[in-house]
Amino acid sequence: MKTPASLLAATVVAGCSVFGGQAAPEPEYEVMFSEPPFEIRAYPPMVVASTIAQGGYDSAISTSFGRLFDYISGNNEGRREIAMTAPVVTEPEKIAMTAPVLTEPAGAERWQIAFVLPEDFTLDTAPRPSDPSVTLSEIPARRVAVVGFSWWFSEDNIEEARTRLAKWLDSRSETASGTWQAAGYNPPWTLPWLKRNEIMVAVE
C-alpha cells in the first residue's frame, strides 16, 4: 500500500534526507523496559493540539493535518508561529460506544491527528486556536508500550504492528489502557526500510 497523504506531515518535522534523519525535537521519556522491538516508556505530561475529521483514512488525516499546520503557522490568537515537534500522532475515533481499534466499520470512520507542542508550553500559555475544530489538551504522565516498524505508514502495517504489540503485552500480563496510537517520524521520501514508525498505547 502506498504512503498515505497523512505522512505529508513529516515534511515539516524531519530533515530532508532519504536516509531517515530527523531534526525536530521529540518529547523526553524514560525507557522503563526494553525487549527490541518493544519498549515500555514513561512520558511526562504534554500539551497537544488535535483535531478530528471523518471519512477515509487518507482524506481524513490529510484534512486534520492541514488544520493543525495552519494552527502552528499562526492561525491562532496572537498570530504566533509554533515550532513543530515529532512525532505526528494519529488515532481512530469510534462513533459507536465500543473499545477503539484501528479498523473501523464502513461509514463510521473518524480519525484524529495530534501535534505535540514544545515542552515550554502549558494549557495556559499555548495560543488559543482560531479554528474551533482545533482543540488543546494535556495528556497526563503515563506509561506507554511501544513497538517500532518501518516501511509504509499504512492501515495494513499499522494493524499488523498493533497486533504484535497486543500479543507482547499479553505475554507480559500487561493491560492496555486507552486508545492505540500510530506515530510517524520521517518525510515521505525517506527510504522505506529506514522509516521510523511506532504503535503506542498507554498501559496500566
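1. Helices (H or I, at least four residues) and strands (E, at least two) are DSSP runs, numbered from the N terminus. This is a predicted model, in which local features need pLDDT of at least 70 and side-chain atom pairs count only at pLDDT 80 or more, while totals for chains, interfaces and linings use all residues. Residues are numbered from 1 along each chain as its sequence is written, and side-chain values use heavy atoms, with hydrogens and water left out.

2. On that basis the chain has 2 helices and 9 strands, and from the N terminus on its elements run β-β-β-α-β-β-β-β-α-β-β. Of the 204 residues in the chain, 46% are buried, where buried means under 20% relative accessible area, exposed over 50%, and partly exposed in between (1.4 Å probe, protein chains only). Among contacts (heavy atoms within 4.5 Å) between residues at least 6 apart in sequence, 72% join residues at least 24 apart.

3. Strand S1 (residues 30–35) and strand S2 (residues 38–43) pair in the antiparallel sense over 5 bridges, pairing being assigned if DSSP finds at least two bridges between two strands. A hairpin of 2 residues joins S1 to S2, and the bridge partner of Glu30 in S2 is Ala42.

4. Helix H1 (residues 57–72) has 16 residues and reaches 23 Å from its first C-alpha to its last, close to the 22 Å expected at 1.5 Å a residue; the expected span is 1.5 Å times one less than the number of residues. In H1, Tyr57, Ala60, Ile61, Ser64, Phe65, Leu68, Tyr71 and Ile72 are buried. These residues cover an arc of only 130° around the axis, which puts them on the same side of H1, the arc being that of the directions from the helix axis to the C-beta atoms. H1 is followed by Gly74, whose phi is positive, near 125°.

5. A nonpolar core is a set of buried Ala, Val, Leu, Ile, Met, Phe, Trp, Tyr and Cys residues joined through side-chain atoms within 4.5 Å. The largest such core has 36 residues, and those with the most contacts inside it are Tyr71, Phe115, Leu117, Leu165, Leu169 and Ile199. Elements that each supply at least two residues of this core include S2, H1, helix H2 (155–171) and strand S9 (197–202), and the largest share, 7 residues, comes from H1. Apart from this core lies another, of 12 residues, among them Ala86, Val89, Val144 and Tyr185.

6. Leaving aside neighbours within four places in sequence, Phe115 is in contact with residues including Val47, Phe65, Leu68, Ile72 and Met84.

7. Two buried polar residues deserve a separate look. Glu198 lies in strand S9 and is buried, with a relative accessible area of 5%; a polar contact of 2.7 Å joins its side chain to that of Arg41. Here a polar contact is a pair of N or O atoms within 3.5 Å; within protein, one must be able to donate a hydrogen and the other to accept it, and residues adjacent in sequence count only if both atoms are side-chain atoms. Asn76, in the loop between H1 and strand S4 (88–94), counts as buried at 2% relative accessibility, and touches Tyr71, Ile82, Pro127, Arg128, Pro129 and Ser130, not counting residues up to four places away in sequence.

8. Glu160 is found in helix H2 and is partly exposed, with a relative accessible area of 42%. Glu160 and Phe149 are 11 residues apart in sequence and 9.6 Å apart in space, C-alpha to C-alpha.
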